[in-house]
Amino acid sequence: MRIAPKYTQRLAVALLGGATLLTLLVLLFIILFVLQKGLPAVTWQFLSQAPRDMGRSGGILPVIVGTFLLPLLAIAIALPLGVGTAVYLTEYTRETRLTRVIRFGTDCLAGIPSIIFGLFGFIFFVVILGFGWSLLSGGLTLALMILPTIIRTTEEAIRAVPNTFREVSFSLGATRWETVLHVVLPNALPGIVTGIMLSLGRSIGETAAVIFTAGSALRMPTSVYDSVRTMAVHFYLLAREGLSNENAYGTAAVLILAVLGVNLTAYWIMNRFVGRHT
Amino acid sequence: MTPPNSIKIAVESLSAFYGPDPSLRNITLPIPARSIMGIIGPSGSGKTTFLRTLNRLNDLKPESRIEGRVLLDGQDIYHPAFDVVSLRKRVGMVFALPMPLPMSIADNITYGPRLAGIRNRARLDNLIETSLKSAFLWDEVKNRLSSSAMRLSGGQQQRLCLARTLAMEPEVILLDEPCSGLDPISTARIEEALTLLKNQYTVVLVTNNTKQAARVADRTAFFLMGELVEVDETRRIFTVPRDSRTGDYVTGRFG
């Protein structure tokens, strides 16, 4: 028996809407749960003081600083490399067996578990190159980890730029590099920013790769050779060692709010400066 | 400046290929300076391919190649020593669909001049004004030069594209069916601009609209299936064509 289209239509709306609602509810539940358990611990002192007694008391200021410095360093390293690779693959080479192999390679790299990157970073940056547990080792390791994401999102964004824009630019006497710089990259920027945001989220929340390479020092870092602890690592250590559940959830609450803040800022910047001429 | 009635572009035995079969076969066509050369013919006759060999835009397609020569002021533009970027500064192009870059009106105009190294603000402002006036767009946009070019109407966008090409102060202007997406009033504005421009520039106008060629072109070439059937003064092409296929096409019996 065939169900009338108007009922299947209603059923589809109900199921799709239900799926959306369920996703939102789960997300909301997690955020509210963490905030409800964590916010009582979040005071001005918590945000502005150094931890005391392994984090049982005191604040998390150096941890907040570490949480922002490490991903920023990682993106500062990975962005020029990733965007450069993507531009080269899309604008300067033809689609050949070699570019397909490179693309397959980046896809494989994207699927490697972060602990493997942590292990590699520990052996290569920490031990062989002698950078020790440091911002530098952690930043380089996270950079390798997010590189595939940046390359692929940038590639997709560049491919989405209409070819006619390139032809117009060439017809006005631009070289390929000038076309990339003035036409292709500005128009691919929203896609590139998306890649940065994904990478930022992934590296802010990373623990395994970070513990192995950046260490977990609670001091305020003063150079790239200093070990740092990120909020995700701090939460993990506080909770695992049973040092302080209140401060662990306090850290988690700050982390969630920080990620939210970074995302909102990024969207604001995009709307303010990027969408102007489209 | 090249004197009038001398040959600005000499196309000699030109064939163009995207695959094994030529899209253009053995075209020989002299294009006189400071006049409008109209190119007519049905779709797929190679008009656009021909136009894009004149500023080497076909080079961007890796599978394309040509045989024969294209001489600009006597110099072979396909000679390995010829600089493609400087060629495109001398030979400007307006595309079939209005293609403003997603930036402001002023930035669209100054894109080419800036790349050519012009940084002086007063000089750039002057280029913006003169080129927009030549394209009959100045009065409509002079108060919103910094707003997005994407918000202009189709007809305005196409005149902006013409102004953008003029701002490079080229010697030759190639137009690829510039009015195919425009209403009759916008078309009239573009044609008006073109008839004034030919005093200064060499214009090659590809058009699907034979009446447009009849209205503005000094000489007209008829292309059919990649071959140049006939080229003559526009008046003669439309009244006493030598080839019967030309006559059939311009009177609308096919195409």
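1. The contact between the chains draws on 23 residues of chain B and 17 residues of chain A, where two residues touch if their C-beta atoms, placed from the backbone, lie within 7 Å. On the chain B side, α2 (84-90), β6 and α3 (105-115) each give two or more residues; helices (H or I, at least four residues) and strands (E, at least two) are DSSP runs numbered from the N terminus. By class, this side of chain B has 15 nonpolar, five polar and three charged residues. Ala, Val, Leu, Ile, Met, Phe, Trp, Tyr, Cys and Pro count as nonpolar, Asp, Glu, Lys and Arg as charged, and the others, Gly among them, as polar.

2. This is a predicted model, in which local features need pLDDT of at least 70 and side-chain atom pairs pLDDT 80 or more, while totals for chains, interfaces and linings use all residues. Residues are numbered from 1 along each chain as its sequence is written, and chains are lettered from A and ligands numbered from 1 in the order in which they are written.

3. Chain B holds an open, mixed sheet of six strands, ordered β6-β7-β8-β3-β9-β10; strands pair if DSSP finds at least two bridges between them.

4. In chain B, β9 (residues 219-224) pairs with β10 in the antiparallel sense over six bridges. B:L224 has B:E227 of β10(B) as its bridge partner.

5. In chain A, the domain assignment, automatic or from a database, gives domain 1 (5-41) and domain 2 (44-277). Their contact takes seven residues from domain 1 of chain A and eight residues from domain 2 of chain A.
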